[in-house]
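Work through the exercises below with the model open. Each task is followed by a stepwise solution.

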Amino acid sequence: MCGIVGYIGNKQAVPILIEGLKKLEYRGYDSAGVAVYNGNDDNINVVKAKGRLSVLENKLKTYCPDGMMGIGHTRWATHGEPNDVNSHPHASQNGIIAVVHNGIIENYMQLKEFLQSKGYCFQSDTDTEVIAHLVEYNYRGDLLNAVIKTLNDLEGSYALGVICTQCPDEFIAARKDSPLIVGIGKNENFIASDIPAILKYTRDIYILEDKEIACVKKDSVSIYNILGEKVKRDIFHVDWDISSAEKGGFEHFMIKEICEEPKAVKSTLSPRLKDSKIVLDNINLTKEYLAQLEKIYIIACGTAYHAGVVGKYAIEKLTRIPVEVELASEFRYRDPIVNKNHLSIVISQSGETLDSLMALREAKKRGARILSVVNVVGSSIARESDNVFYTWAGPEIAVASTKAYNTQLSAMYLFAIDFALKRGTISVDEAKKYRNELDRIPSLIEKIVNDREKIQKFASRHYNAKSIFFIGRGLDYALSMEGSLKLKEISYIHSEAYAGGELKHGTIALIEEGTLVVCPLTQESLFDKMLSNIKEVKARGAVVMAITHEKHALMVEKYADIVITIPDMESLLSPIAAITPMQLFAYYMSVLKGNDVDKPRNLAKSVTVE
Ligand code: F6R
């Protein structure tokens, strides 16, 4: 969701900005632009265009501004339709200031009226343009001060890059509720919304905190708080490799990331599966704390929310602690009953999802302890939590979340087993049984990934389906929600997930000759009930794709049109592996339909606005 890149140094800025923006394409965007200053002209040179970066690149072939300081942006429209004029960067009235912005300025109408009363004319429909004019209005020869003064008038969220013709040796960056990092190079420095954009040039970064401002020169970076006081910040060294953020021979990031699931799950589990025990690093929820814990809220959005639904089933089953799973966007506005005897688990791959971050703050304000499950180190959600469990999935670039989900489930199971053992609701032997089973999971997923051809063939016969249902019971229902989301977000096929027992209360009316129904059967205790549900939909003409353990294949084949098997494993833990065939199914359906798999329409990877 909007990407920002900024550069100052001894090289031409445009190629660096474009290359950086390409690395941020995964975030989702509908237009792009660059603003560059060469130190001589009266104005900043801005080139921008609606559409993919290739459209901007073509425009730059006709006219490529020269300059060694610049800012670039990929825009995901919020205020004003995607078009050339609304694209960023936005220049101020007299052209001395240019701004790129990620976020939403909530009071932009008031600011616009104020600026109009002072004679400012607006070219675009965006909220961002007020920032450019306001910085110009506040500019009295000191860009840092002008930006700080402007920030004090802004309500909402922002990550900003600001350049000015009067200050050719520096640019200003700032953030609030929207991610921004500063990359530290040799005689060159950078800003970016995410690490991959600058990883080619440096592994040393500063992670800006909320309401901090950076003054970036080619040989120095100074960070200030909103009062203009200097802030000291440690350098964060990125230790993952750039190849993790590249396709490496795969056709799409999504299939690469599905194939990386065994590694992602192993990296998440291994450091926590020591000898015969589970060791949750520095999370340190003691026996005493867990004994008095009254309730757990799991809060998240989208795929992370679905991981939370699995977490609810697993944690309640093993620990007997009541768990509520909440959509972050609902939780934050519904005056939730939360207090200091409650634990809030916030799950987020990016760690920057605004709804989840706001819900976290709401839970914290009401006294709950916050344990977050986050993939991006140093992200906002991680930094604002009392304890963080990092999922070591590596960078996830495809918009559709895959390997992050498996690792989030790994976290849910580790919590369930650890908490239950400490509360005495499972025995040491039971904990050991689950622990050993978790240890096997990466190799089981590997097998599923290697056997993916059958799913591809099945998809090739059904990719024109108009509507696809997912039905399951218990944990398979939780799994179905995620399978259905994955399918609809990238294949654009209508899909719904239903609890098997709920069919007869309405949904079954929608099953007709040829309707495709995906049915996971991985829960031993609900196996027969689920077989009955399959018979029900088959009797109405449905085509059934079943997903079950190898040991049940022969039995299920009698009823389903195709059976996808997963290796035999504990019912409770099966979702970590059983999701993979569903992700593969969604992937192949999308490829066959000719969709832009990694960048599905209207979606962004990191949703940093409401
Ligand atoms: C679906 C998907 C989204 C995200 C959701 C939360 O494939 O990617 O539903 O899961 O936007 O994002 P994070 O986990 O970054 O908070």
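Two residues are in contact when heavy atoms lie within 4.5 Å of each other. The model used here is predicted.

**Exercise 1. Classify the packing of helix H13 (residues 403–423) against helix H19 (residues 575–592).**

Step 1. Take the geometry. The axes are 9 Å apart, and the angle is about 165 degrees.

Step 2. Assign the class. Angles over 145 degrees count as roughly antiparallel, so H13 is roughly antiparallel to H19. The crossing is right-handed.

Step 3. List the contact. H13 supplies Tyr405, Asn406, Leu409, Ser410 and Tyr413. H19 supplies Pro575, Ile576, Ile579, Thr580 and Gln583.

Step 4. Sort by class. Six residues are nonpolar, four are polar and none is charged.

**Exercise 2. Do likewise for helix H16 (residues 475–491) and H19.**

Step 1. The axes come within 9 Å and cross at roughly 20 degrees.

Step 2. Angles under 35 degrees count as roughly parallel, so H16 and H19 are roughly parallel to each other. H16 passes H19 in a right-handed crossing.

Step 3. On the H16 side, the contact is made by Leu475, Leu479, Glu482, Gly483, Lys486, Leu487, Ile490 and Ser491. On the H19 side, the residues include Pro575, Ile579, Met582, Phe585 and Ala586.

Step 4. The contact has twelve nonpolar, four polar and two charged residues.

**Exercise 3. Describe the surroundings of helix H4 (residues 129–138) and its crossing with H3.**

Step 1. Check burial. H4 is mostly covered, with nine of its ten residues buried. These are Glu129, Val130, Ile131, Ala132, His133, Leu134, Val135, Glu136 and Asn138.

Step 2. Find the partners. The buried residues pack against strands E5 (90–91), E6 (97–102) and E7 (158–164), and against helices H3 (108–117) and H5 (143–153).

Step 3. Examine H3. Its axis and that of H4 come within 10 Å and cross at roughly 45 degrees. The two helices are therefore oblique to each other. Their crossing is left-handed.

Step 4. Name the contact. Tyr108, Leu111, Lys112, Phe114 and Leu115 of H3 meet Val130, His133, Leu134 and Tyr137 of H4. Seven of these residues are nonpolar, one is polar and one is charged.

**Exercise 4. Is asparagine 43 buried, partly exposed or exposed, and where does Asn43 sit?**

Step 1. Locate it. Asparagine 43 lies in the loop between strand E2 (31–37) and strand E3 (45–50).

Step 2. The relative value is 38%. Buried means under 20% and exposed over 50%, so asparagine 43 is partly exposed.

Step 3. List the neighbours. Not counting residues up to four places away in sequence, Asn43 touches Tyr37, Asn94, Gly95 and Thr165.

Step 4. Compare with tyrosine 158. Asparagine 43 and tyrosine 158 are 115 residues apart in sequence and 25 Å apart in space, C-alpha to C-alpha.

How values were computed:
Residues are numbered from 1 along each chain as its sequence is written. This is a predicted model: local features need pLDDT of at least 70, side-chain atom pairs count only at pLDDT 80 or more; totals for chains, interfaces and linings use all residues. Side-chain values use heavy atoms; hydrogens and water are left out. Buried means under 20% relative accessible area, exposed over 50%, partly exposed in between (1.4 Å probe, protein chains only). Helices (H or I, at least four residues) and strands (E, at least two) are DSSP runs, numbered from the N terminus. Axes are lines fitted to C-alpha atoms, for helices over the stretch in contact, and angles run from 0 to 180 degrees between N-to-C directions. Angles under 35 degrees count as roughly parallel, over 145 as roughly antiparallel, 65 to 115 as roughly perpendicular and the rest as oblique. A crossing is left-handed if the near helix is turned anticlockwise from the far one by less than a right angle, and right-handed if clockwise. Ala, Val, Leu, Ile, Met, Phe, Trp, Tyr, Cys and Pro count as nonpolar, Asp, Glu, Lys and Arg as charged, and the others, Gly among them, as polar.
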